[in-house]
Amino acid sequence: MNKQHKESTRLVPVPSTNIIPERDISLPPILETRHLGIDFGGLSAVSDFNFAIGRTEIAGLIGPNGAGKTTVFNLLTKVYQPTRGMIMLDGIDTAGKTIEQVSRMGIARTFQNIRLFKDMTVLENVLVGLHNETKYNTATAIFRLPQYWRRERVARERALELLSIFDMQDLADHKAGSLPYGAQRRLEIVRALATNPCLLLLDEPAAGMNPSETSELMENIVRIRDMFGIAIMLIEHDMNLVMGICEGICVLNFGKIIAKGTPAEIQSNPAVIEAYLGKKKGE
């Protein structure tokens, strides 16, 4: 599957300095950043970050520890407001938007450290993610009118459908905190999908997983992209995962992009090798 996936992907230029998969070139990128940056206390944490993601692309953001990867995710989701630059989501400038507003616009994410409601059930965690889709007025909710129960039933059915992606529907009534670590990771992805995103950001989704779980995760990430027709961007230190499923890869070091390209281009890039391994003596 991975070999065929790689051979069918060709990256082509889009306006500015960005590249996206050829199959997505007829439509604007789902995400494009232009000269994005943020300073903390006079120090630049991210600088001149120019990047684009095609509408059905699986993209990777990699780099050494402390390179600024999670800071980029925090900028995209408005945890941080940028010091400079622009973030375009589906062609719309997100300047001044809040976390909730960009969530409703279509960005969903998971976190490096799992952030589930651990005392709530698996099903309840997914229902929280469905709040963007479950709409009824205050009176309907307070008086439990028929419309309320219809919407609740639809939401429950949708939550179970999403859980079935990871074969977790039978765990619906279990407490989220009682699940094994890998299952909690999967539940966080399901909850993010429940917000109906056009762009899913995964922050180290394979962290703490064994090789078998990681292999299954790789297959499921590709399946999610194909099933929902969305773009996925991931931060990950597992290079087998990154090189196995990502089409375009961006490499950060000290908050700046040092390389962009296909997995093959990134693996052979001298600047990337130096960032990870350092210079040899005498060079």
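Buried means under 20% relative accessible area, exposed over 50%, and partly exposed in between, with a 1.4 Å probe and protein chains only. Asn 253 has a relative accessible area of 17%, so this residue counts as buried. The legends below start from the whole chain and then turn to the close-ups. This is a predicted model, in which local features need pLDDT of at least 70, side-chain atom pairs count only at pLDDT 80 or more, and totals for chains, interfaces and linings use all residues. Residues are numbered from 1 along each chain as its sequence is written, and side-chain values use heavy atoms, with hydrogens and water left out.

**Figure 1. The whole chain, for orientation.** The protein chain holds 11 helices and 12 strands. Helices (H or I, at least four residues) and strands (E, at least two) are DSSP runs, numbered from the N terminus. Of the 283 residues in the chain, 49% are buried. Contact means heavy atoms within 4.5 Å. Among contacts with a separation of 6 or more, 67% are between residues 24 or more positions apart.

**Figure 2. Asn 253 and Phe 254, at the end of strand β11.** Let's return to the residue we opened with. Asn 253 belongs to strand β11, which covers residues 248-253. Setting aside neighbours within four places in sequence, Asn 253 is in contact with Pro 64, Ala 67, Ile 258 and Ala 275. Phe 254 sits in the loop between β11 and β12. Is Phe 254 buried or exposed? Its relative accessibility is 70%, so Phe 254 counts as exposed. Have a look at the backbone here too: phi of Phe 254 is near 50 degrees, a positive value in a residue other than glycine.

**Figure 3. Helices α7 and α8, side by side.** Two packed helices are described by the angle between their axes and the distance between the axes. The axes of α7 (residues 181-193) and α8 (residues 211-228) come within 12 Å and cross at roughly 10 degrees. That angle makes α7 roughly parallel to α8. Axes are lines fitted to C-alpha atoms, for helices over the stretch in contact, and angles run from 0 to 180 degrees between N-to-C directions. Angles under 35 degrees count as roughly parallel, over 145 as roughly antiparallel, 65 to 115 as roughly perpendicular and the rest as oblique. From α7, the contact is made by Gly 182, Arg 186, Ile 189 and Leu 193, and from α8 by Glu 213, Leu 217, Ile 224 and Phe 228. By class, this contact of α7 with α8 has 5 nonpolar, 1 polar and 2 charged residues. Ala, Val, Leu, Ile, Met, Phe, Trp, Tyr, Cys and Pro count as nonpolar, Asp, Glu, Lys and Arg as charged, and the others, Gly among them, as polar.

**Figure 4. The largest pocket and its lining.** The largest pocket has a volume of about 470 Å³. Which residues are closest to its centre? Of the 20 lining residues, they are Ile 99, Ser 103, Arg 109, Phe 111 and Thr 195. Two or more residues each come from α3 (99-105), β8 (107-109), α4 (122-129) and α7. Helix α3 gives the largest share, 5 residues. The lining has 8 nonpolar, 6 polar and 6 charged residues. On a 1 Å grid over the protein atoms alone, a pocket is an open set of points with protein on both sides within 12 Å along at least five of seven lines, while a cavity is a set where a 1.4 Å probe fits but cannot get out; lining residues have an atom within 4 Å of a point.

**Figure 5. The largest cavity.** The volume of the largest cavity is about 50 Å³. Grid points are joined across faces, edges and corners, and a volume is the space filled by probe spheres set on the points. Lining this cavity are Asn 18, Ile 19, Phe 51, Ala 52, Glu 57, Gly 248, Ile 249, Lys 260 and Gly 261. The elements that give two or more residues are β4 (43-53), β11 and β12 (256-261). By class, the lining divides into 4 nonpolar, 3 polar and 2 charged residues.

**Figure 6. Helix α2 and the residue Lys 78.** Helix α2 (residues 69-76) is mostly covered, with 7 of its 8 residues buried. These are Lys 69, Thr 71, Val 72, Phe 73, Asn 74, Leu 75 and Leu 76. Following α2 is Lys 78, with a positive phi near 70 degrees.
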